[in-house]
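Here's a quick briefing to read alongside the model. Have the sequence and the 3D view open as you go.

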Amino acid sequence: MNSLSNKKSKIGTQIRNVTYSALCLALALVLPFLTGQIPEVGQFISPMHIPAFLCGLICGPFWGIVVGAVSPLLRFLIFSMPGLLTAIPMAFELAAYAGLSAWMYRLLEPVMKKMSIYISLVIAMIGGRIIYTLAKIVTLGIAGKAVEQSAYFVVFLESFTGTWLGIVIQLLLIPPLVLVAEKYLQKNK
C-alpha cells in the first residue's frame, strides 16, 4: 500500500512540475510584450529572467534548466525577438540562472532559511552572467564578429550595468513569489 501511495505522490509531483514549467515558459514568452518589444527596454528590465528563476526554484533544477534554455530560442522562432545572436547566449544564461538558483537554494535552505533564497539568487545571477559572457563571446566568434580578448571583461560588466533595474526587480519579486508558492504547495500536498 505504501508503494502505491509513493507512486501516486511521484506522479502528482511530476504533473505539477510539468504544469508549472509550462506556465513559466508561457510567461517567458509573454512578459517581454510588457516592454513594448523594444530590445533596449527588455534588456534593462530582463522580463524573461523571472520565469526562469521561478521555474528553477519551484520545480527544481531540471525543469528550470529546460525552461530557461528553451524560452529565448522559442521566442526567437515565434517572434524573431530576441535576435539569434542574443537568443543563443540567453538560453545558456537563463538555464544557468534556473539551475544554479535551484541547486543553491536546496543546498542552503536547510541551513539559512529565509536568507537562502537571496544568496541563491545572487550566486545564480553572477554565475549566469559569466555563462552569458562566455556564450556571447563564442556565439559572436562563430558569427565572424570576434571579440578582442581584452574586451571580455567589458562584455561581462555590460551584462550587469545594462540590467541593474532587472536585478533589483528580481530580488524584490522572486523571493516572495517563491515563498507563497512553497506555502501553497505545502498546504495542498
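Is Cys59 buried or exposed? Cys59 is buried, with a relative accessible area of 9%. Keep in mind that this is a predicted model.

**Cysteines**
- You won't find a disulfide here: the structure holds zero.
- Cys55 has no disulfide partner, and the nearest cysteine sulfur, that of Cys59, sits 4.3 Å away.
- A disulfide needs the two sulfurs within 2.5 Å, so at 4.3 Å the sulfur of Cys59 is too far from that of Cys55 for a bond.
- Cys55 is buried too, with a relative accessible area of 0%.

**The largest nonpolar core**
- This core has 26 residues, and those touching the most other members are Phe53, Leu54, Leu57, Ile58, Leu121, Ile174 and Val178.
- Two or more core residues come from each of helix H1 (2-30), helix H3 (49-59), H5, helix H6 (115-142) and helix H8 (164-187).
- H3 gives the largest share, with eight residues.
- Take Val178: beyond its neighbours within four places in sequence, Val178 is in contact with Leu54, Leu57, Ile58, Tyr105 and Ile117.

**Ala96 in H5**
- Ala96 lies in helix H5, which covers residues 84-112.
- Ala96 is buried, at 13% relative accessible area.
- Setting aside neighbours within four places in sequence, Ala96 is in contact with Ser101, Gly128 and Ile131.
- Pro51 is 45 residues from Ala96 along the chain, and their C-alpha atoms are 13 Å apart.

Methods:
Residues numbered from 1 in each chain as written. Predicted model: local features only at pLDDT ≥ 70, side-chain atom pairs only at ≥ 80, totals over all residues. Heavy atoms only, no water. Buried < 20%, exposed > 50% of the residue type's maximum accessible area, 1.4 Å probe, protein only. Helix = DSSP H or I, 4+ residues; strand = E, 2+ residues; numbered from the N terminus. Contact = heavy atoms within 4.5 Å. Core = buried A, V, L, I, M, F, W, Y, C linked by side-chain atoms within 4.5 Å.
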